[in-house]
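Good morning, and thank you for making time for this item. Please look at the sequence and the structure, which I now put on the screen.

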Number of protein chains: 2
Amino acid sequence: MKPTELKPMRVGLLGLGVVGGGTWKVLTANAEEIARRAGRRIEVVAVVARDLDKARRLVGDSLKLSTDGMDLVRDPDIDVVVEVVGGDTLAREWVMEAIAQGKHVVTANKALLAIHGNEIFAAAHARGVMVAFEAAVAGGIPIIKAIREGLTANRIQWLAGIINGTTNFILSEMRNRRLPFAEALADAQRLGYAEADPTFDIEGIDAAHKLTLLASLAFGVPVQFNKTYTEGIAALSPEDLRHANRLGYRIKLLGITRRRDDGIELRVHPTLVSKECLLANVEGAMNAVLVHGDMVGQTLYYGQGAGELPTASSVVADLIDVARLQGAGREQRVPHLAFQPESMADIPVLPMAEVHSSYYLRMRVQDRPGVLADLARILADAGISIGSMFQVPHGSTEADLIFLSHEAREGDVDDAIGQIRGLPFVRSEITRLRVENAL
Amino acid sequence: MKPTELKPMRVGLLGLGVVGGGTWKVLTANAEEIARRAGRRIEVVAVVARDLDKARRLVGDSLKLSTDGMDLVRDPDIDVVVEVVGGDTLAREWVMEAIAQGKHVVTANKALLAIHGNEIFAAAHARGVMVAFEAAVAGGIPIIKAIREGLTANRIQWLAGIINGTTNFILSEMRNRRLPFAEALADAQRLGYAEADPTFDIEGIDAAHKLTLLASLAFGVPVQFNKTYTEGIAALSPEDLRHANRLGYRIKLLGITRRRDDGIELRVHPTLVSKECLLANVEGAMNAVLVHGDMVGQTLYYGQGAGELPTASSVVADLIDVARLQGAGREQRVPHLAFQPESMADIPVLPMAEVHSSYYLRMRVQDRPGVLADLARILADAGISIGSMFQVPHGSTEADLIFLSHEAREGDVDDAIGQIRGLPFVRSEITRLRVENAL
């Protein structure tokens, strides 16, 4: 059986932007290596793009080119549809129709799956087709395969990841070049790491889309983007980065999900992590995910989380999986969300008040005797132990106080902050950041 | 279809040592989670162990217990054989017979596969069974799945890994506690990180077994342990670690394989790596593998490379893959060595003289004018550029010279060393270590 003897798999490409163009390039440049592995060729036979002239310049004249996704997903010549248009409206219609047509789907669209994943995976399961999405989380890192297939022997207990390169780049710039947020963001935009409208990235929404998917794979729960707590990095000040540094920490935007007895934590927010841990040393636009399984302990996966070719690397890996398994039965394929659909768990997502974490608190106070005693009393009464504290004078009459707490319940911390806010000697809003010591 | 509705997969366990016992524990402790994922139960029905009383205390009385592996692999009640006895004699006979009997095999045995892999995989392919070996490289890290399935879109260009925890522990101890090799080894033995006979680990043989397998997966070449260059860590002195540190490097035992136009490099040796790179910061008994694909760039995989439960985590993940794919056709399974057997490449393994690397050289010389000029001339004539040099006085008449070269051909370096060795002012053997700057 030579690689060319099996029938080529015919791909329809929905979208020829960054990831779509990358997918074309990878399939073209590495056609031989891919056939050596997959045992058959993978050929793009149809492309949907907004600008057909531009598309023609990249892929030539020999393919079917169209601007209409519905045409493509109904084309009987196509075995598998690659959806890389993004968004959750047209993409959803096209993907659902592709499934209805019995076509396999490979997508890089985290927003689509985070919002409509349960519907899409149920339809795919019922129709007996695969929806593969390695490229939707952490770009070129095969993190979905690692969790869904590599760590299957484990009860996964928690995972924490840097899963948005834009914000990690901005935070690296803020720290290394001591820039305020707005300047670091402008840099990121100038260099192409952030979009003109950076909302999805800097508010943590993109990371929350991805975290939602990882949590489903880790714990076997439905996709629940609407229950994911999301806090971005726009409010971070360079002085918080500096104070964190003094305490032995760096600040990273992490997606964290953890299984507890009473439910799962599901949250994206800026987080203090010890300088010693590997995640703290993931710089620039790189991504990394740390996964803790009960048997394997900690494993870490690191690489480029975005970009044309790294993301296409995952799209094409999925295509090779689909090529291999298209003739297999459903029970021979990995379940979409790692667990058999009838074995999904109904574990509640915990409200943030029930989250347990350590906390970093910063506030400006009047600099006079008794202030620390009053604050310490309020925190102690709320059951919050302070691990370390230091103060930075501000002028002659005020000072900034920085506290690092031991693990506490977030609801208790918020109650204490509410009380502190009302004290006469407190002169600023209270900055509260979460600290992860388990990494 | 409930998880219990599919027939359980029946496992025969060859060996109940560290990994075998761990496999039993993982399958028992996480039986529910595994069934939720795999869609069926995975049950150990027979065990071969040397000490049956001890075996009974762990697994109870309800299984078939025996001391004879041939009995087990011929048992018609068994679907899949887990080989965790180690070694390459009995293990080979039992694995080959299991394959002949049409049983799938899961093994953690890198020595077996590094030496007899080509024979074993060919037999398995011919008989239509799977031989899975995630646990054979880097313990609990799903590195084989990552390379074989996650990075399939790439032409892999090189990989470099810390794939032996014992030596990484010893090197960490030598550096952090400034111990000579022998004391760090004794520590490792006391703590259970090194065996009474540590030869396989400290001479790099275990790492070479693993590297051999990774190279096959990366490039699609046959398993070629006998062509793998192997150099251990016993000759390293604390002063080399200190000098490396001064130059901005740490010393790690790396397995490195790289594809070049004229062949592949395949080598295990102590290596200077920049302190900034992630591999340099992998401490203690942890493992990590850095893989460079042409499309994805660098990706890194990190975790526990040995130990009862991490290794069993990989054995059981393989069992779940086998459970899923046992009813599938051969073309629906991932090829054993990542590439279709008829597409394996015949790329030669390069002799070490043809390897290109940077080099660290240390020698003791008579401390008098002209010495450096003579040395620099010999190196220059051999085409070797020096990037940095420093000297450390030794008494009043001698000094240690440390050179760091730019990239050079190893044969040229060896020729130069041969000439230097004959110089009248050279007072010691010449220490030569390789430096990797691409990581």
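Helix α8 of chain A is followed by A:R178, whose phi is positive, near 50°. Before I go further: this is a predicted model, in which local features need pLDDT of at least 70 and side-chain atom pairs count only at pLDDT 80 or more, while totals for chains, interfaces and linings use all residues. Residues are numbered from 1 along each chain as its sequence is written, and chains are lettered from A and ligands numbered from 1 in the order in which they are written. Helices (H or I, at least four residues) and strands (E, at least two) are DSSP runs, numbered from the N terminus.

The helix itself covers residues 165-176; at 1.5 Å a residue its twelve residues should span 16 Å, and the end C-alpha atoms are 16 Å apart, which agrees. The expected span here is 1.5 Å times one less than the number of residues. Is α8(A) mostly covered or mostly uncovered? It is mostly covered, with nine of its twelve residues buried. Buried means that 20 or more other C-beta atoms, placed from the backbone, lie within 10 Å of the residue's own. Among the buried residues are A:F169, A:I170 and A:L171. The buried residues of α8(A) pack against elements of chain A including β7 (156-162), α12 (238-246) and β11 (286-293); contact requires C-beta atoms, placed from the backbone, within 7 Å.

I turn to chain B. Six strands form an open sheet there in the order β3-β2-β1-β4-β5-β6, with parallel pairing. Two strands count as paired if DSSP finds at least two bridges between them. Strands β3 (64-66) and β6 (131-132) of chain B stand at the edges, each with a single partner strand, so one side of each has no neighbour in the sheet. Within the sheet, β4 (residues 80-83) and β5 (residues 104-107) of chain B pair over four bridges, and B:E83 stands opposite B:T107.

Finally, the contact between the chains. How many residues does each chain contribute? Chain A gives 57 residues and chain B gives 57 residues. On the side of chain A that touches chain B, α13(A) gives the most, with ten residues. Across the two chains, β12(A) and strand β12 (residues 297-304) of chain B run antiparallel and are joined by three bridges. The bridge partner of A:L300 in β12(B) is B:Y302.

Definitions and conventions. Two residues are in contact if their C-beta atoms, placed from the backbone, lie within 7 Å.
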